[in-house]
Amino acid sequence: MSDEEAQKPLTDLLAPASIRLDAVAADRDDAIRQAGAALIEAGAVDPSYVDAMVEREYSVSTYVGEGVAIPHGTLAGKDAVTDDAIVVLRFPAGVDWGGNVVSVAVGIAAKGNGHIALLSQLATVLLDPEKAAALRDATSADAVYELLASDEDDE
């Protein structure tokens, strides 16, 4: 994977159909499976990746703070990734994520070692309290794009 691919803007990896602002989940695993289903629908992964996402959660929590989790697959699951992509699911009622309340789950899939670059890019947005709050309150796909693009403008 080239540096150019690793630095692809977040907004280029997010299809409008991959933004779901009124999601409801019974629990953390349900939320992860919904993020995985969105990645499948985006054409980024095959179904086995969803199990790798759930498996990852049992070894290391993907909760990052500010009401945000970034579910992604294990290293073993990377072979199930066909294209780099992100999906954004907002859970207005919140989801219990191992004792933390998650309002936004950003599912990611990346080929090779691209997930590290993706996580780094996302962290700059999602760990900013103001941007995380704006994402938790987003009511339109345009608002989500603006928040993710704001990181690109900052560089």
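At 10% relative accessibility, Arg90 counts as buried (buried is under 20% relative accessible area, exposed over 50%, and partly exposed in between, with a 1.4 Å probe and protein chains only). The model is predicted: local features need pLDDT of at least 70, side-chain atom pairs count only at pLDDT 80 or more, and totals for chains, interfaces and linings use all residues. Residues are numbered from 1 along each chain as its sequence is written, and side-chain values use heavy atoms, with hydrogens and water left out.

Arg90 forms a salt bridge with Asp22, the closest N and O atoms being 3.7 Å apart (a salt bridge is a side-chain nitrogen of Lys or Arg within 4 Å of a carboxyl oxygen of Asp or Glu). Helices (H or I, at least four residues) and strands (E, at least two) are DSSP runs numbered from the N terminus. In contrast to the buried Arg90, Asp22 is exposed at 63% relative accessibility.

## Other salt bridges

The structure holds 5 salt bridges. One of them joins the side chains of Arg20 and Glu41 at 2.5 Å, N to O. It connects strand 1, which holds Arg20, to helix 2 (residues 28-41), which holds Glu41, across 21 residues of chain. Arg20 is partly exposed, with a relative accessible area of 26%, while Glu41 is exposed at 58%.

Another salt bridge brings the side chains of Asp51 and Arg33 together at 3.2 Å, N to O. Here helix 3 (residues 48-59) supplies Asp51 and helix 2 supplies Arg33, 18 residues apart. Both ends of this pair are partly exposed: Asp51 has 44% relative accessibility, and Arg33 has a relative accessible area of 39%.

The open sheet is formed by 5 strands in the order 1-4-5-3-2, and its pairing is mixed. Strand 1 and strand 2 (63-65) stand at the edges with a single partner strand each, so one side of each has no neighbour in the sheet. Strands of a sheet pair through backbone hydrogen bonds, either parallel or antiparallel; in this report two strands pair if DSSP finds at least two bridges between them.

Strand 1 (residues 19-20) pairs with strand 4 (residues 85-97) in the parallel sense over 2 bridges, and Ile19 stands opposite Val88 in strand 4. Strand 4 also pairs with strand 5 (residues 100-109), in the antiparallel sense and over 9 bridges. Ala85 has Ala109 of strand 5 as its bridge partner. The hairpin of strand 4 and strand 5 has 2 residues between the strands, and Gly98 takes a positive phi near 65° in that hairpin.

At the other end of the order, strand 2 and strand 3 (residues 68-69) are antiparallel, with 2 bridges. Tyr63 has Ala69 of strand 3 as its bridge partner. Helix 4 (residues 114-126) packs on the sheet and touches strand 3, strand 4 and strand 5; its direction makes about 145° with that of strand 5. Contact means heavy atoms within 4.5 Å, and axes are lines fitted to C-alpha atoms, for helices over the stretch in contact, with angles from 0 to 180 degrees between N-to-C directions.

Ala35 is found in helix 2 and is buried at 0% relative accessibility. Not counting residues up to four places away in sequence, Ala35 touches Met53, Pro71, Val87, Leu89 and Gly107. Its C-alpha atom is separated by 14 Å from that of Tyr63, 28 residues away along the chain.

Arg56 lies in helix 3. Arg56 is buried yet has no salt bridge, and the nearest side chain of opposite charge, Glu57, is 7.5 Å away (Lys and Arg count as positive, Asp and Glu as negative; His and the chain ends are not counted). The Arg56 side chain does reach the backbone oxygen of Gly73, at 3.1 Å. Beyond four places in sequence, Arg56 touches Thr62, His72, Gly73, Thr74 and Leu75.

## A loop position

Ala76 lies in the loop between strand 3 and strand 4, where it counts as exposed at 66% relative accessibility. Ala76 and Ser103 are 27 residues apart in sequence, and their C-alpha atoms are 28 Å apart in space.

Notes: A polar contact is a pair of N or O atoms within 3.5 Å; within protein, one must be able to donate a hydrogen and the other to accept it, and residues adjacent in sequence count only if both atoms are side-chain atoms.
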